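Hi there,

Here is the structure I promised to pass on to you. Have a look at it first, and then read on for my notes.

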Amino acid sequence: MKKNKDQLMPELRKDPVSGEWIILSPGRSRRPQTLERRAVGPRRPSPKKGCPFEDLPDSGNNIIFEAWPDLSRWQIAVIPNKYPALVHGETHAVDLRQGIYSGKTGVGTHELIVTRDHDRSFADLAPSLAARVLEVIQGRYRVANDGNNAYAVAFLNYGPSVGSSLWHPHYQLMAVPFIPPHIARSLDSAERYFKKHRRCIRCSLIKEEMRHRTRVIEENESAIAFAPYASRRPFEVTVMPKRHSSRFEDEPKKVVADVAALMQSVLRRLRKYAHDPDLNFFIHNAPLGGKGYAYHHWHAEVLPNLSYLGGLEFSTGIYVNVADPDEVAKTLKGKRR
Ligand SMILES: [Zn+2]
Ligand SMILES: [Zn+2]
């Protein structure tokens, strides 16, 4: 690892009280005084000209980790993030100490999965290509499982208000050398439930949702989409495989295709019935390592950004949600026009 100050190696810093981590990634704006208040406008198409993803294999100076079906006919390409929040090192993350503070060097994974069509977002991909995107991401989880990374997350930022500065559809995969406390908490809770009831909590939850059906939006053979009982934000949707599985990357093609189909349908429903909101979706997976966490039931979460987050949410983690999930399900099923 270079000690060169100009490299501005990102750092992982842990809050000694809460145990929460932050990534200090000063590479993009070295001088804080140059940061400006960012005006976030509506999501707007940008022209292909000047789009960094239009000539990936041809420009010669792009690193391409993987292309499908091949480099010349690529429909999906995996590339390093040009401005990585974490860098992939030859070495493991090194512990950093400063008095009572501790952190790690910012070694991890930060890559982009790009689809070819400049204007076609996940909802609009051919179903087979949407499934293939998820299969490629499964492969990247396996690659991220390199002995250094402990947890990986794949996500989509759709729209400028939720972190996407580029119009061209792309997904990100980030991996960090620890299990985030937020994830650890939900794993602990799932484990406690499993020990007490000898059942997976999310399998029980699926059963419950299927019995009442008031929050179920859609289902197919292997997956179900529903508005969670304790939704944090309006129009939040969970997409879950029906059969218990702790690891997204281990799912067979049929399940992946069914999850992709439901994700596409949910996104199209949000477009039709909820004003096509900016949103994030992400995969809530078991930690890397390939073993353990059998009580975890992986799933995808869709979080539209239709409300402001304020002091209460930031200070306590309590979200005020103005949309009843029962009504959200009705609306997304087209029964409330
Ligand atoms: Zn483009
Ligand atoms: Zn389960």
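Below is what turned up when I went through the structure, from the overall build down to single strands.

Please keep in mind that this is a predicted model.

**Overall build**

The protein contains 6 helices and 14 strands. Its radius of gyration is 20 Å, close to the 20 Å that the globule rule gives for 337 residues, so the protein is as compact as a globular protein of that length. Along the principal axes, the C-alpha trace spans about 60 × 50 × 40 Å. Of the 337 residues, 45% count as buried. The exposed surface comes to about 18,500 Å², with 53% of it supplied by carbon and sulfur atoms. If you take the contacts with a separation of 6 or more, 68% of them are between residues 24 or more positions apart.

**Two domains**

The domain assignment gives domain 1 as 47-179 and domain 2 as 182-332. Their C-alpha centres lie 22 Å apart, and 34 residues of domain 1 are in contact with 34 residues of domain 2.

**The sheet of four strands**

One open sheet has 4 strands in the order β2-β1-β6-β5, with antiparallel pairing. At its edges stand β2 (21-24) and β5 (95-98); each has a single partner strand, so one side of each is left without a neighbour in the sheet. From one strand to the next the twist averages 30 degrees.

Further in, β1 (residues 11-14) pairs with β6 (residues 101-105) in the antiparallel sense over 4 bridges, and R13 has G103 of β6 as its bridge partner. β5 and β6 form a hairpin with 2 residues between them, and G99 in the turn has a positive phi of about 60 degrees.

**The sheet of ten strands**

The other open sheet to look at has 10 strands, in the order β3-β4-β7-β9-β8-β13-β14-β12-β11-β10, and its pairing is antiparallel too. Its edge strands are β3 (66-68) and β10 (216-219), each of which pairs on one side only. The twist in this sheet averages 20 degrees from one strand to the next.

Helix α1 (residues 127-144) packs on this sheet and touches β3, β4, β7, β8 (151-158), β9 (170-176) and β13 (279-284). The direction of α1 makes about 20 degrees with that of β9. Two of the strands it touches, β4 (residues 76-80) and β7 (residues 109-115), run antiparallel and are joined by 5 bridges. Within that pair, A77 stands opposite V114 of β7.

**A closer look at β14**

Which strands pair with β14? β13 runs antiparallel to β14 and is joined to it by 6 bridges, with F281 having V302 as its bridge partner. β12 (residues 237-241) also pairs with β14 in the antiparallel sense, over 3 bridges, and V239 stands opposite A300 there.

Happy to go through any of this with you.

Best wishes

Terms used: Residues numbered from 1 in each chain as written. Chains lettered and ligands numbered in written order. Predicted model: local features only at pLDDT ≥ 70, side-chain atom pairs only at ≥ 80, totals over all residues. Heavy atoms only, no water. Pairing = 2+ DSSP bridges. Axes fitted to C-alpha atoms, helices over the stretch in contact; angles between N-to-C directions. Rg over C-alpha atoms; globule rule 2.2 N^0.38 Å. Buried < 20%, exposed > 50% of the residue type's maximum accessible area, 1.4 Å probe, protein only. Contact = heavy atoms within 4.5 Å. Areas by Shrake-Rupley, 256 points an atom, 1.4 Å probe, with all protein chains shown as cover. Domains from an automatic or database assignment.
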